[in-house]
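Please look over the model below before reading the points.

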Amino acid sequence: MSEQAPVDAAAARLLVITTAGESLSGADLLSFALDHAVTESGGLGGMVHLRGPAAVGCC
C-alpha cells in the first residue's frame, strides 16, 4: 500500500489544480500552479517570466 500512496497524492494534487483552473485564469492560475510545482519538487521558491499582452499578441 505504501507504493500506491505517492500516486494517490499526485492524482489528488492534479485534481486540485484542474479544479482551480475553472475559477482562476491568467497570472492567478500560473501562480497557483507554480506554487504547487515548487511544493511538489521540494523547492524553496520558483519564478516564471510572464510576458505582457502585447508580446503575446493577446487582446
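1. Start at Leu29. Beyond residues up to four places away in sequence, Leu29 touches Ala20, Gly21 and Leu24. Contact here means heavy atoms within 4.5 Å. Leu29 sits in helix α2. Its C-alpha is separated by 9.9 Å from that of Thr18, 11 residues apart along the chain.

2. A word on the basis. This is a predicted model, where local features need pLDDT of at least 70, side-chain atom pairs count only at pLDDT 80 or more, and totals for chains, interfaces and linings use all residues. Residues are numbered from 1 along each chain as its sequence is written, and side-chain values use heavy atoms, with hydrogens and water left out.

3. Is Leu29 buried, exposed or partly exposed? Leu29 counts as partly exposed because its relative accessibility is 25%. The cut-offs are under 20% relative accessible area for buried and over 50% for exposed, with partly exposed in between (1.4 Å probe, protein chains only).

4. The overall fold is simple to list. The protein has three helices and zero strands. From the N terminus on, the order is α-α-α. Helices (H or I, at least four residues) and strands (E, at least two) are DSSP runs, numbered from the N terminus.

5. Helix α2 covers residues 26-41, which is 16 residues. From first C-alpha to last it reaches 23 Å, close to the 22 Å expected at 1.5 Å a residue. That expected span is 1.5 Å times one less than the number of residues. Gly42 follows α2, and its phi is positive, near 75 degrees.

6. Val16 lies in helix α1 (residues 4-20), and His36 is in helix α2. Which residues does Val16 touch, not counting residues up to four places away in sequence? They are Phe32 and His36.

7. Val16 and His36 are 20 residues apart in sequence and 9.7 Å apart in space, C-alpha to C-alpha. His36 and Arg13 are 23 residues apart in sequence, with 7.9 Å from C-alpha to C-alpha. Val16 is at 42% relative accessibility, so it counts as partly exposed. His36 has a relative accessible area of 21%, so it is partly exposed.

8. Now the surface patch. Leu30, Val48 and Leu50 make a nonpolar surface patch of about 240 Å². Leu30 is in helix α2, while Val48 is found in the loop between α2 and α3 (53-56). Leu30 touches Val48 and Leu50, not counting residues up to four places away in sequence. Leu30 is partly exposed because its relative accessible area is 33%; for Val48, the value is 38%, so it is partly exposed.

9. How patches are defined: residues need over 30% relative accessible area and no salt bridge; like charges are joined within 9 Å and nonpolar side chains (Val, Leu, Ile, Met, Phe, Trp, Tyr) within 5 Å. A salt bridge is a side-chain nitrogen of Lys or Arg within 4 Å of a carboxyl oxygen of Asp or Glu.

10. Finally, confidence. The protein averages a pLDDT of 77, and 80% of the residues score at least 70. pLDDT is the predictor's confidence in each residue, from 0 to 100. Among the elements, α2 has the highest mean (84) and α3 the lowest (60). Where pLDDT is low, the predicted coordinates should not be read in detail.

Technical notes: Areas by Shrake-Rupley, 256 points an atom, 1.4 Å probe, with all protein chains shown as cover.
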